[in-house]
Protein chains: 2
Amino acid sequence: MTKPANHTLTWLKCLPETAPCAAKTPMETARAELDAAACAPKVELALEPSLGEGFRLEPQGEGYLLAGGETGVLYGAYRLLMACAAGDALPLGSHAPYYALRMLNCWDNADGTIERGYSGRSLFFEGGRFDYDPDRMRQLARMLASVGMNVLCINNVNVHENEHQLIEEAWLPQLAELAALFRPYGVRLMVSIDYAHPLRGGVPTADPLDARVAQWWKERADLVYSYVPDLAGFLVKADSEHRPGPFTYGRTHADGANMLAKALAPHGGTLVWRCFVYNCMQDWRDTVTDRPMAAYQHYAYLDGQFDGNVILQVKNGPFDFQVREPVSPLFYAMPKTNLALEVQLAQEYTGHQTDIYAMPPMWKEIFDDLPPSRVMAMAAVSNLGRDENYTGHPFAAVNLFAYGMTAWDPATDPAQVIRLWCRLTYSLPAQQEDALHALLMGSRRVYEKYTAPLGLCWMVEPHTHYGPSPMGYEYALWGTYHKANRDAVGIDRTSRGTGYAAQYPAEMAARYENRETCPELLLLFFHRMRYDDVMADGRTLIQRIYDDHFEGCDEAEEMARVLASLDLPPQDAQTAHERMVRQLRNAREWRDVTNTFFYRLSGVPDAKGRKIYD
Amino acid sequence: MTKPANHTLTWLKCLPETAPCAAKTPMETARAELDAAACAPKVELALEPSLGEGFRLEPQGEGYLLAGGETGVLYGAYRLLMACAAGDALPLGSHAPYYALRMLNCWDNADGTIERGYSGRSLFFEGGRFDYDPDRMRQLARMLASVGMNVLCINNVNVHENEHQLIEEAWLPQLAELAALFRPYGVRLMVSIDYAHPLRGGVPTADPLDARVAQWWKERADLVYSYVPDLAGFLVKADSEHRPGPFTYGRTHADGANMLAKALAPHGGTLVWRCFVYNCMQDWRDTVTDRPMAAYQHYAYLDGQFDGNVILQVKNGPFDFQVREPVSPLFYAMPKTNLALEVQLAQEYTGHQTDIYAMPPMWKEIFDDLPPSRVMAMAAVSNLGRDENYTGHPFAAVNLFAYGMTAWDPATDPAQVIRLWCRLTYSLPAQQEDALHALLMGSRRVYEKYTAPLGLCWMVEPHTHYGPSPMGYEYALWGTYHKANRDAVGIDRTSRGTGYAAQYPAEMAARYENRETCPELLLLFFHRMRYDDVMADGRTLIQRIYDDHFEGCDEAEEMARVLASLDLPPQDAQTAHERMVRQLRNAREWRDVTNTFFYRLSGVPDAKGRKIYD
């Protein structure tokens, strides 16, 4: 069966269209890729198990010696091939990943839909069952391995009716078949489980301290691992947004996580427990509860109580993948606990893979505030789907690519990784490559400018999370309010307000507490400000809001001009241009709605006389 | 087959549980109902075709003579039976309906859902096909006939895939069977059609001036009437909210309606054409387009151009069944055209049959402004569904009952008709009946008070149309804006603004134009007002808004106390109480959200110091 030509290889265009399918191990895959690649130098492979996932590349005779652990060799082979294709220096010397787990979380449902998916339907499921193209699975595995990802969770953290079967007898042989497709690429599968699954299995409770529950999970883990011996583990979203969990039984999340972890431990499996817990039925009149404080409140006191094979997976910010948030304070509060940093490639709040939004500069900001050593793994919500190009917008692939690189090395330079993606994907003339590079590098800031100002968050259309709705969440149950009135906007999260800032270490807290030292782009996250408050540069807050929105929209128009000047492959050009039309419409709508919203409240006209509708 | 006891007979509890099923004509039905009723006096029936739908009741010997046209006799019989049951004087003398067509429009879909239905699933359809209980159809027919309704349109004006079949060969025998169930009750069926149906039937156009189109509809009408010879006609929603229509072909709605009417004319059928046409893709920045002006703009100039068997069906107000609107100006603009007044029993914007909302006082207001002679028919969007009590909330049945009475006689007194419904339905002790009567009479004003103020409209949750969302429609495409800012709220629809008021006859226009003479409860429909503007009673607008919202909520709580004091049948009591809990929660939410919204904008505290959240 020939591969449909329109399943693009994104940044792996340097490789043959068909992925190796005879290889049984990563080492064999590495050999096959190197042999098949047009441009590869002569490379001898050597297995050095002590290198684990790392590799070492050194000159040898007329070619090179690539030594590494089983998957390390494969990573090395891809790095080498990509360097060749990009015309870069080969990655000589020793390399090893910073984080042992570099996970991709797919929010795919068995019915074929993807929660917050913007690239078509599921690559794995359709109509309530497994349904995938094996060739495409290998391509996907190849993409992940090429940038060092090693764990793929294939189903939504919100586990529905059908997905329970992923760990039931009927579906396990199929899960094993899928795992076998990814294994030669060093990618281990993970599955999201329903904390309350034992209730379906005849156990009358899901109390984590009940021996029957522990026994049920032990037997279940034994069964699952008998089919997929290298399963990476289970991922759990419990007591969150109406999901069941230990709270039902008056137990802590340590009780719940450790019980599951003990079932996985004999198999070397990891239990990944998401910390996205908050009151999603808040009353907007309640001024005491402050949603960003929730994760800390629910978990910090449990530090040190989790088993060694438990990882708490914490979203980068305390809200939910907004355009700009401070780093979650939980990362500083649990030094004795394994933590994974979770980011979201799916552009849920960041443009639905319609608007261009390259994330590496954002991740750099996270690591600027968060020493990489504070976490021991990374996870990313997938932006993949069944679309021909996998990511909807062809440029969205840069985020998948760069995520892998960043999880491998958190010190990855955003500018360099975006440059590499541009070059591997498009081979444009230098001036055009520079233009595309600049466009991507600036794209997040442009989006930020025309959406909610200065870390205010949540001024989006409820449910869809696309498009402006300044009041969409103001009286809702989600704990996400800005309380804009005729004089001021924002929640005071300092010690004079909800006290959220105090969840950070003292030095950070002090920085956020003080309006003079608080990062400007987070001012409205931490402070309630009057429209006539004067910013560091002398502008008033209201003028700054207007300026950002006009500028953001102008800059989006400039992005459109740049895009039109690029000689992209026809298919990508068409998709990107069609989406840019929508991005511009969206940007203008966002600019006008936001400016009008604040103008109606403040009554202050734009100092520069630009059009604000009344 | 015995009738499930839980299919209540609402106000027809005086009748036997099972409707007559052997009767073939309304006269036979009348005889059977009179014979079976426990309380009926001795009545002789006489057919007097000249009386049409009217009847005459006169004493005769020890009993009465009831003479009438074929359906008139049946109407007389029900009126007599209800008078007996209520202990009222018998309806002696001559009676005839004011309007020849008294229509009920069901927005039922073949899949079993009901658009804007709040009483369960469709009574007629399920799973893409006809699916009904014949006994229940007779009960429904009886309910309609008892208050004089004579036309039942069974499917949604938004015609979807499956409902096309209603006028296609495969479904026509079933349509005929259903018609046969209603015929003995004097109720004629009507069907909603898709204007573009010929395109499915092999005609390459739906241009109303194309002879092939006219021929297709002629043949189609001939076919339909060969199955249902007394079909009342077709109902059409064209060029509205994305429905196809004559505009596609550059033709007027007179062209479209007349073409269809000519197909129906040989069969005595009526073509009912809805006038709900407006731009549902408006830009909120557009201050020239004013949605309430749309129907007048689209139709007034066509006055006199419609065939005699065309009726233009006009919603009572220029928007869309809001809690309070002025009468549609179209009713004054088309003296040479048949017009039907359309009201909505389904509580789309008026509480979803969760909140209590008795409509007769609202209809009285309509007829206070609109001489009944301006229209020649009435139509009501149904509030019925498969729920045991047909209307979700048991009290919602009062609207169906009173609508029939009002369509028969627009001078019907709201207080009297509500009193009669209370008595027939519940036989409560006098004091309780008075309390229920007062509760129902006041219910609309209570709902109005805690929702959007003074005719402002549209401060509801988009899509569902239930619950407060002060900004829900503010930046949307629907042409429904209030432009509230820190100083003022409302659209100026006078000659100084959009000019909407000028669509009315001079005297009315002058009344609305002038803030002194404009009805107070419509002030914010016609005028943009500052929060500190002083009302006739000396209060400021902002204080009036606060007062209404606090009072409305208090009054809802008083309604709850009254409800709790009534000795209702257990099933009705349970349903009503359960819904009252939700109504109260809703009322409080609406009060607080609306007050906070205006407080944040205006900065004006409540003069009486009540709690407004900031």
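How many bridges join strand β2 of chain B to strand β3 of chain B, and do the two run parallel or antiparallel? Strand β2 (residues 55–60) and strand β3 (residues 63–68) of chain B are joined by six bridges and run antiparallel. Strands here are DSSP runs of E with at least two residues, helices are runs of H or I with at least four, and both are numbered from the N terminus. Within this pair, B:Phe55 sits opposite B:Gly68 of β3(B).

The model is a predicted one, in which local features need pLDDT of at least 70, side-chain atom pairs count only at pLDDT 80 or more, and totals for chains, interfaces and linings use all residues. Residues are numbered from 1 along each chain as its sequence is written, while chains are lettered from A and ligands numbered from 1 in the order in which they are written.

Zooming out, chain B has an open, mixed sheet of four strands in the order β1-β3-β2-β4, where two strands pair if DSSP finds at least two bridges between them. The edges belong to β1 (43–47) and β4 (93–95) of chain B, each with a single partner strand, so one side of each has no neighbour in the sheet.

As for the two chains, 13 residues of chain A are in contact with 13 residues of chain B (C-beta atoms, placed from the backbone, within 7 Å).
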